[in-house]
Structure formats: structure tokens, C-alpha cells
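The following paragraphs go through one structure step by step. Please keep the sequence and the coordinates at hand while reading.

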Amino acid sequence: MQKKYVNKVFIIEDDAIYGKILQRKLEQEDDTYEVQVFPTGHAFFDHLHENPDIVSIDYNLPDMNGLEILKRIKQYNEDIATVILSGQEKVDVVVEAYDNGAANYIMKNQDALPALARVVRNLSSNVNLRKEVEELREQILDRNKYDMIVGESKGILKVIRMIQKVEKSNILVLITGESGTGKEVIANAIHYNSPRRRKPFVAVNVAAIPADLIESELFGHEKGAFTGATGRRIGKFEEANGGTIFLDEIGEMELGLQTKLLRVLQESKITRLGSNKEIQLDMRVLAATNKNLGERVKQGLFREDLYYRLQGFLIPLPPLRDREHDIIILAKHFLKAFCDQNRMPLKTFDKGALKTMLRHPWPGNVRELKALVERAALIADTDHITEDDLIFSDAV
Ligand SMILES: Nc1ncnc2c1ncn2[C@@H]1O[C@H](COP(=O)(O)OP(=O)(O)OP(=O)(O)O)[C@@H](O)[C@H]1O
Ligand SMILES: [Mg+2]
């Protein structure tokens, strides 16, 4: 089945009634046509930037001649398909139209309506094919841009498509997923495919920093801001200026700090502890959590307004057990990387080992898989890693 896209069809026709008839005929023919009629060449050129897919041109117009319009369209964009609709039967006019890139030439007689419908259908089919090829080509190119994200499963490809949607903008993105699913890998991919790629990517694990230090860690402080603040310190937000800050485990942030974060998200301004000077920053914020934030709102542990703000664009990362297709791909990838790094001859998994890995539920997700593979590479006595070399840790 060929893919259907919306096709913009522009009709240039000075006879308003005839224009309406053509429009209706095409609209009845196929509801993926978006048809617009223009009474003059000038009216049409005012809308050429909307990039029609197909243009039907009346040969005799009050302000311009059909051939002239044809030439200008082709100069603007060769891919726009054009049809001349004309009462003019002179052979040299017809030949000139084809010479100038017209896809078809239709006589204005009693068969003109079905003829136009047929021609537009064929052109639309070509246009759709071209669009599909372009789309596929883009997908192939794009996959290479994300080679830090290993995997071919539907789940991971969907995540990559979501990254594509937001990487060029400054939208706040929340990445959710169980521990070890690769949330930081995704945050990295967004940053390194964004216009900010040459500026810093600063990751802060909110859960790993003691509560009494986190505020100064994020906002920085002036000398003497609190006992022990012996000098000025630049915070993570300022470090990320021009680039991206990644707030990992944002669900663990305590309420007071959430209020301050909300202000940063709204105004992109920070104030160092012990200072009253506001500093304007230009940074993109990405966040991640493996907690159910909605639950935490209900428990009164997470601010509702911050929660809604974070719901702007969600990228949920599926757990590894739902990406079966990726288990082996990732395992081989980690094995090769580990053998290369440690200058070991490349090892391989035997069938039993592969089966065992496919059956495992991976509560620790990709992180667990990576650790398992590296352990196995060390344990295996030969170049073949067997089931016996796979030592699953039960602590997760
Ligand atoms: N798709 C992937 N391709 C390559 N490596 C991956 C992929 N997903 C995860 N990893 C690797 O797995 C490990 C865990 O990933 P990461 O730290 O991004 O997980 P996380 O979701 O942030 O975990 P946590 O919730 O514990 O913070 C890292 O070593 C990372 O490089
Ligand atoms: Mg993480």
C-alpha cells in the first residue's frame, strides 16, 4: 500500500464558476487533496510560499500567460508538478509547455474534468512516493545521529523519534523510566543533537547530594553565605549557561527547593546564596525520574504546579524486558566495547548464554545487562561465553 499524504492542489482559473467546478470535482475524488483556487497569476504567486504539490494553470489569464507562470514555478521549486489547462490547441504552445516542465497539457473541452482528475491522481501518486522516499532517507540519516543510543527495537526507535521532535527547541523535557533504562543517555543525545552541543552539558543527580548542600551546589554561593562558605562558588545552573542542565532524580528534590526551581524554569534567573543580585541565564533544562511523580504529588511530596510544568513533553523509556529485540544487540555491543577497552581478544556468546539473557527479566535494565556482560567477559576461560559465565546479581 502506498502511503497517503495531504496533497496541496492549487488551481489558477479566472472563471470563478469553472474554478469552483474543478475544485469540487477534485475534492470529491480524494479527501487528501487540499484544493485552493486563485483568479489571477498574482494572487497565486502571493501563496506560492505555501508550497503546493500540484498546480493546475489556466493558459489564458488576465494578468499573465500560463507559460510564464509555469517557468516561474519551476524556477522556484522543480518538484512542484504543473498541469496546463487550455483552450489553446496550437501545437507549438503545447510543445513549449512540455519543454518548460509541464507534466501534462489538458484541453478545455467536455472531457476536461475527468482528464484533470486522472492527471492529478497520477501526479499525486508520484508526489506521495517522493515524500515517502524522502521520509525514509531522513530516518536512515537520523538513526546515525543517535549512535550513542544502541538498539533497534520499536520502543527505542519511538524514543529517537521523540528526541527529534524536541532537540532543536528549548522545551523542558521529562524523561521517565525505571532505573538503568538509559535516561541519562537520552538526555545526552538531546543535548548533543541540539544547537547547544558545543556548550556544556551539566548533569546533577539530585538524589545523590545531601539536602543541606544541594542548594549551593545548584545556585552557587558568595563568600560567607553560610558557615564554611570560604569563597565564592559557581553553581551548576551557571555552569550550564549556554548549554543544558540535566536534573536527574528530580522526584527526590525537597519541597523548598522545588519552589526555587519553579522560579528558575519560569524566568531563567538565579541568585547565588548570600547575594541579592539576579543572574540571567540561557540554559535548557532536562529532567528525569524513576518515580511516579503523580503519586508523589498526592502524597504532598511534590509540588503540583511543578508537576504540571514537567508534563510538557514526556519521553517514557520502556524497561529492557519490553525491548526484547535490544537485549542481544546491547549485550554484543557491551561485550565488544569491553574487550576493546581491555585489549582482550573479542569473545562471543554461545547459544545457551543468549537464551538465558533473553529469558531474564532485567529488573536493573541496561545497567544490569552491562555489568553482567563485563563480568562474564572476565570470568569466561575461553572465547565463548556460556550460560555458566553469567552470574546474575540479585541485589537491585
Ligand atoms: N540504549 C543504550 N545504548 C547504550 N548504552 C545504554 C543504553 N541505555 C543505557 N545504556 C547504558 O546503561 C547504563 C545505565 O544508563 P543510564 O545511567 O542512562 O540509566 P538511567 O535511566 O539514568 O538510570 P538511573 O535511573 O539509575 O539514573 C549506562 O552505562 C548507559 O551508558
Ligand atoms: Mg540516571
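**Domains, sheets and ligand shell**

The C-alpha centres of domain 2 and domain 3 lie 33 Å apart. Five residues of domain 2 and six residues of domain 3 make up the contact between these two domains. On the domain 2 side, the residues that touch domain 3 comprise four polar and one charged, with no nonpolar residue. The model is a predicted one, and the chain is divided into domain 1 (7-137), domain 2 (158-316) and domain 3 (320-389).

Valine 9 has valine 35 in strand 2 as its bridge partner.

A further open sheet of five strands, again with parallel pairing, has the order 7-10-13-6-14. Here strand 7 (201-205) and strand 14 take the edge positions, and because each has a single partner strand, one side of each is left without a neighbour in the sheet. From one strand to the next, the twist averages 20°.

The pairings of this sheet can be followed from strand 7. Strand 7 runs parallel to strand 10 (residues 244-248), and five bridges join the two. Phenylalanine 201 has threonine 244 in strand 10 as its bridge partner. Strand 6 (residues 173-176) pairs with strand 13 (residues 284-289) in the parallel sense over four bridges, and valine 173 stands opposite leucine 286 in strand 13. Strand 6 also runs parallel to strand 14 (residues 313-316), to which four bridges join it. In that pairing, isoleucine 175 stands opposite isoleucine 315 in strand 14. In a regular strand the side chains alternate between the two faces of the sheet.

Next comes the ligand. Which residues come nearest to ligand 1? Of the 16 residues around ligand 1, these are Val150, Gly182, Lys183, Glu184 and Val366. Helix 7 (183-192) and helix 15 (365-379) are the elements that give two or more residues to this shell. By class, the shell around ligand 1 holds four nonpolar, seven polar and five charged residues. Domain 2 (158-316) and domain 3 (320-389) each supply at least three residues to the shell.

Asparagine 365, found in helix 15, has a positive phi of about 55° although it is not a glycine. Is asparagine 365 buried or exposed? Asparagine 365 counts as buried because it has 24 C-beta neighbours inside 10 Å, where 20 or more are required.

Serine 268 is the other residue to look at. Its phi is near 55°, a positive value in a residue other than glycine. Serine 268 sits in the loop between helix 10 (255-267) and strand 11 (269-271). With 17 other C-beta atoms within 10 Å, serine 268 is partly exposed, since that class lies between the limits of 12 or fewer for exposed and 20 or more for buried.

Key:
Residues are numbered from 1 along each chain as its sequence is written. Chains are lettered from A and ligands numbered from 1 in the order in which they are written. This is a predicted model: local features need pLDDT of at least 70, side-chain atom pairs count only at pLDDT 80 or more; totals for chains, interfaces and linings use all residues. A residue is near a molecule or strand if its C-beta atom, placed from the backbone, lies within 6 Å of it. Ala, Val, Leu, Ile, Met, Phe, Trp, Tyr, Cys and Pro count as nonpolar, Asp, Glu, Lys and Arg as charged, and the others, Gly among them, as polar. Domain bounds come from an automatic or database domain assignment. Two strands pair if DSSP finds at least two bridges between them. Axes are lines fitted to C-alpha atoms, for helices over the stretch in contact, and angles run from 0 to 180 degrees between N-to-C directions. Two residues are in contact if their C-beta atoms, placed from the backbone, lie within 7 Å.
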